[in-house]
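Colleague: I'm new to this one. Please put it up and walk me through some of its details.

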Amino acid sequence: MPREVAIVGAGWSGFRSISPDLSYKEMMYEAAVRAYEDAGIDPRRDVDSFVTVAEDFLEGTSIFDEYTPDQLGGALRPNHTITGDGIHGLAAAVMQILTGQFDVVVVEAHSKASNVLTLPYIMAYAMDPVYNRPLAFHPYAIAGMEMRRYLAETGTPLEACARVVVKNRSNALFNPLAAYGADLSVEAVLGSDMVAEPLTRLQCADHADGAVVLVLADGATARALTDRPVWIRGIGWANDTHTLESRPWGEASYAYLAAQMAYRTAGIKSPRAEIDFAEIDDTFAYKELQHLEALGFCRPGEAGLWTLEGGTEIGGEFPVNPSGGSLGMGHLLDCSGLARVLEVVFQLRGEAGRHQVKGAETGLAFAWRGVPTTGGAAVILSN
Amino acid sequence: MSLLERIAHPDQTKAWFGEIPIQNRYTVGIAGERFFREIKDHGRFWGTRCSHCDLIYVPPRLYCERCFAHLEEWVEVPTTGRVHTFTVVPLDLDGNPLPEPRIVAFIQIDGTDGGLVHDLGEVAPEEVCIGMCVEAVFKEPAERRGSITDIRYFRPVG
Amino acid sequence: MARNRVAIVGAGMTQFVRRAQETAKELAWEAASKALESCEMTLDDIDAVVIGSAPEAFDGVHMKSEYLSDGCGGWGKPVIRGYVGGGTGVFAPIQGWYHVASGLFDTVLVVCEEKMSSCQPHPQGAFLTIFDHTTERPLGPNLLWIFALEMNAYMTRYGLSKRDIALVSVKNRRNAADHPAALLGDPNITVEDVLNSEVLAWPVQRLDVSPVTDGAVAVVMAAEHVARRVTNKPVWVEGVGWCLDTAYWTNRDLSYPTYVEEAARMAYKMAGITEPRKQIHIAEPYDPFDYKELHHLEGLMLFDKGKAPEATALGITQRDGDLPVCPSGGLLGVGNPIAAAGLMKVAEIFWQLRGEAGARQVPGQPKRGVAQAWGDLMQVGTVIVLGVS
Amino acid sequence: MKEWVYDTVYLSEKDFETGRVLYETWVPNARYAWDAGIAIGRYLAELKAGRLVGVHCPSCGRVLVPPRMFCQDCFVPIDGFVPLQDTGTVVTFSLCSVRWDMVRLEHPLIPALIAIDGASPGMGILHLLGEVDPQAVRVGMRVRAVWKPPEEREGAITDIRYFKPLE
């Protein structure tokens, strides 16, 4: 990276399946206050730019960026909104700091998934309006098709997907922020209702409400503010095509491309050797496996076996989603990536409590934009 | 300092209900116009070819997404293909059970680099497999309106 | 100054039309491919893509940037879409700037697209939901209300007449007659035409307003070492600024756009501009409504508060005046596909500074220009200063 | 630069009506239940009781309306709710003759920004004016809320029908 950038403050609000006690503004405010307290800054004085992440149809408001500045302390200051995952927002903040024109930048993402009464319809509204949407199938069908192709191409057994669910929801039991901790069996996961064959209900992350705010600073400012900065070593993001008809169905090419950029900017040659753990998208259980392979932590077809052997458990060789991931914490819409980053920050500071990964020095967070997209973003952090 | 006052009882919470009350009308586009006209009028599929990338796009595209060339070479392609992947969906968008589960597949159109996402019909879910040869079944010409739904479904060949 | 100098090296656009047959992706590709062609670059030369587009409800697609990505050249590339409402069109090249100035990318393709005609029965429907869902939407507000409220506040504060303001509409629609992509150019329009047009929401009349439009615009941005290689006429990004005021718009003084001033101060500081009235030769302020051009000229500190109408009446802002303003024809004349309209202004400055604006070329070989956009709940200012020195 | 303008294909409404161009239509079914939360929850409850309420910032001392749990200028939490009057002053207004889809209205609507008495200067809300000759509306006009009868109120901004001139 051309200039040092660190996370110097992290705050959150949530995470619960519903949150009727707080408006989205109050939820963002709560997370922001925690982050500024953590960083020891006053947003009205110390922040050069604010980045938020939101999509109109998840908020129920057109040009939702209107409603972002006040509760972050950003009124009458530079603010902009990214329609991406929180890690895309993080990338926008990192780039601003890298220009040398900004020293402290704040990133925010949130989810009020419980307030969206017709989420499958909103997802369907993301499909091509001419070629796909008129067929009016449930958007999870795309996940079902991807999963079948992935399993077929890699020879991954169904049980491996189920083990991802068992692992992540079990990890969530140790995470006080997680909404969906549970003690499940492979049989229960595979035996749950069919959503889009071979995808069963328990392999799909349920949604949660919450907000995450991160404070980023350049190296000099970071060292002045804190003695435990979490350094952003590298960042990358990429899209394949949006078009269902010309994309690969079995592989997560976007994850591969995003990771390659992140590794290049971080100067990482051997991800498995140089990275200690990962928090990666598991919107659907098979995605964790597919992403592990695309991110280069193992070869295609190996992630399932690795998972079945316990290699990705908290005490394993390479812990994956020690937080519980989206399966365990709840899927936070556009905030999912920042929830992954939040966990990496806790781990690298040694503050993860009962789900702490021992000796964690470098972690990777990866987010996917969900069906029907092929957009993803990765970030590598070190203490 | 965080919030100084909070809601203390469930009867003090309130949700305000609303919607985004719009409707949309989408042109099928420059490439789509010809593609759907051919389906409507002749029950045929056409694609566009990128000579630079050596790709045949189905559905046809005005441009090559890889090299950005303007695609002007139209080629007729078969209405047959192979099941590249598929799923069986028992639920509608509201989460209610469908009368019959739908088999949704991505069908790679023969001789092309593209394909179509569509339903499979005249086949039981347990009989479907990756690689299965299928053909498009069109609606009667009078029922067609120039839409992806002019294809009723794809069914196994032979 | 930022560590890396960034230039705009190419620009292209679609015609601005009321209803395009192209899909949103196809519109984006048309503009993007023209922009690449204009600087003899191919998609292979592009490191990253920035997409600008305002509300999702126009095109009628959730996660619009994902949908648009392949039409914007994003296949296999880093793609980001940012938005600040109507300010997006000028913000997108600011995002392009920080992509390149960060040192992470050498070249960025910036594409803004808006297909308003997809929104039925009238594209204004997309604006019904910009208001607070609980405290305002139940009153049935539409977009015209806030413009009318702001226009009235501006007129009341400075004792302005409708005639003072209508001059802007006349100037821009006449200028647009020379723009090859314009939807509403009219060389013969008069002040009387504007004053006699249908009253929509007093003081707003039909010809005070820019038209509903479909269109896309793209620019190619590059780091200095690439820019010098691909063109002998790079147009440098000298300064960028943006600012978002409180969402509580009913708590603000609507007669002056403080947020535009803040954004301008940020951009001028970066550009080393201390006397904007002398150092800026050409301006493309945001003009979705005619009074907004005046409002923004004041926010950009190019005229004193309340004095932009007088300058307009004196002809100072005509294409051959001392400070040509919206020589493109602006949103009022060329059209207003929200984000694309803002980027059209940036493209106009690009062409003007290169001396390539054809019949619209302002005299005197301008060396520095400013483009500005505005949006949200009368809340955001985005400013970019471009120069050729 | 003419060569850098793409020759886009434009259509008329008639092209759609006559079937000259193919298209798809869609209604998104985007429905929401937004959590009102602490500040707006209280605002709505007070409206139901026939009262307007604001909040007090302990740092700048201003009284803000509509309520929020923080002062956006000082970035501190507000320290309490403050009852306001249901009277105020017109800051700016419009006479709106068209519906959002440009269909003409029989009677113009009069949206106005109304600075509420009891709140700090410049603290206004959006509402409508009624029982007034549109031509007589002026900036600075004093107005009072006209409430729905208690049994019709539901805890909504529309529990105030409109504001009418004080005189």
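Modeller: A word on terms first: helices (H or I, at least four residues) and strands (E, at least two) are DSSP runs, numbered from the N terminus. This is a predicted model, in which local features need pLDDT of at least 70 and side-chain atom pairs count only at pLDDT 80 or more, while totals for chains, interfaces and linings use all residues. Residues are numbered from 1 along each chain as its sequence is written, chains are lettered from A and ligands numbered from 1 in the order in which they are written, and side-chain values use heavy atoms, with hydrogens and water left out.

Colleague: Where does B:Asp54 sit?

Modeller: B:Asp54 lies in the loop between strand S3 (45-50) and S4 of chain B, and its phi is near 55 degrees, a positive value in a residue other than glycine.

Colleague: Is B:Asp54 buried or exposed?

Modeller: B:Asp54 counts as exposed because its relative accessibility is 54%, given that buried means under 20% relative accessible area, exposed over 50%, and partly exposed in between (1.4 Å probe, protein chains only).

Colleague: And what about D:Asn29, how accessible is that one?

Modeller: D:Asn29 has a relative accessible area of 23%, so it is partly exposed. D:Asn29 also has a positive phi, of about 55 degrees, although it is not a glycine, and its place is the loop between S2 and strand S3 (31-35) of chain D.

Colleague: New topic: which residues does the cis peptide bond in chain B join?

Modeller: The cis bond joins B:Val58 and B:Pro59, with omega about -5 degrees, and B:Pro59 is in the loop between strand S4 (55-57) and strand S5 (73-77) of chain B. In chain A, the peptide bond from A:Val371 to A:Pro372 is cis as well, with omega near 0 degrees, and A:Pro372 is found in the loop between strand S10 (362-368) and strand S11 (375-382).

Colleague: How many residues of chain A are in contact with chain C?

Modeller: Taking contact as heavy atoms within 4.5 Å, 64 residues of chain A meet 62 residues of chain C. The area buried between the two chains, meaning the accessible area (1.4 Å probe) that two parts lose on being put together, summed over both, is about 5,200 Å², and carbon and sulfur atoms give 59% of it. A:Ile63, A:Leu76 and A:Asn239 supply 12% of the area that chain A buries against chain C, more than any other three residues.

Colleague: Which residues form a salt bridge there?

Modeller: A salt bridge, in which a side-chain nitrogen of Lys or Arg is within 4 Å of a carboxyl oxygen of Asp or Glu, links C:Glu66 with A:Arg369, their closest N and O atoms being 3.0 Å apart. The rule finds one such bridge across the interface of chain A and chain C.

Colleague: What does the side chain of C:Thr246 reach?

Modeller: The side chain of C:Thr246 makes a polar contact with that of A:Asp70 at 2.8 Å; a polar contact is a pair of N or O atoms within 3.5 Å, where within protein one must be able to donate a hydrogen and the other to accept it, and residues adjacent in sequence count only if both atoms are side-chain atoms. The C:Thr246 side chain also reaches the backbone nitrogen of C:Tyr248 at 2.9 Å, and C:Thr246 counts as buried because its relative accessibility is 5%.

Colleague: Back to strands, then: what is the order of the open sheet of three strands?

Modeller: The order is S5(C)-S2(B)-S2(D), with antiparallel pairing, where two strands pair if DSSP finds at least two bridges between them. The edge strands, each pairing on one side only, are strand S5 (119-120) of chain C and strand S2 (23-26) of chain D. Strand S2 (residues 23-27) of chain B is joined to S2(D) by four bridges, and B:Arg25 stands opposite D:Thr25.

Colleague: How much area do chain B and chain D bury between them?

Modeller: They bury about 2,800 Å², with 60% of it on carbon and sulfur atoms. B:Lys14, B:Trp16 and B:Arg25 supply 24% of the area that chain B buries against chain D, more than any other three residues. Across this interface the rule finds three salt bridges, and one salt bridge brings together the side chains of B:Glu5 and D:Arg42 (3.9 Å, N to O).
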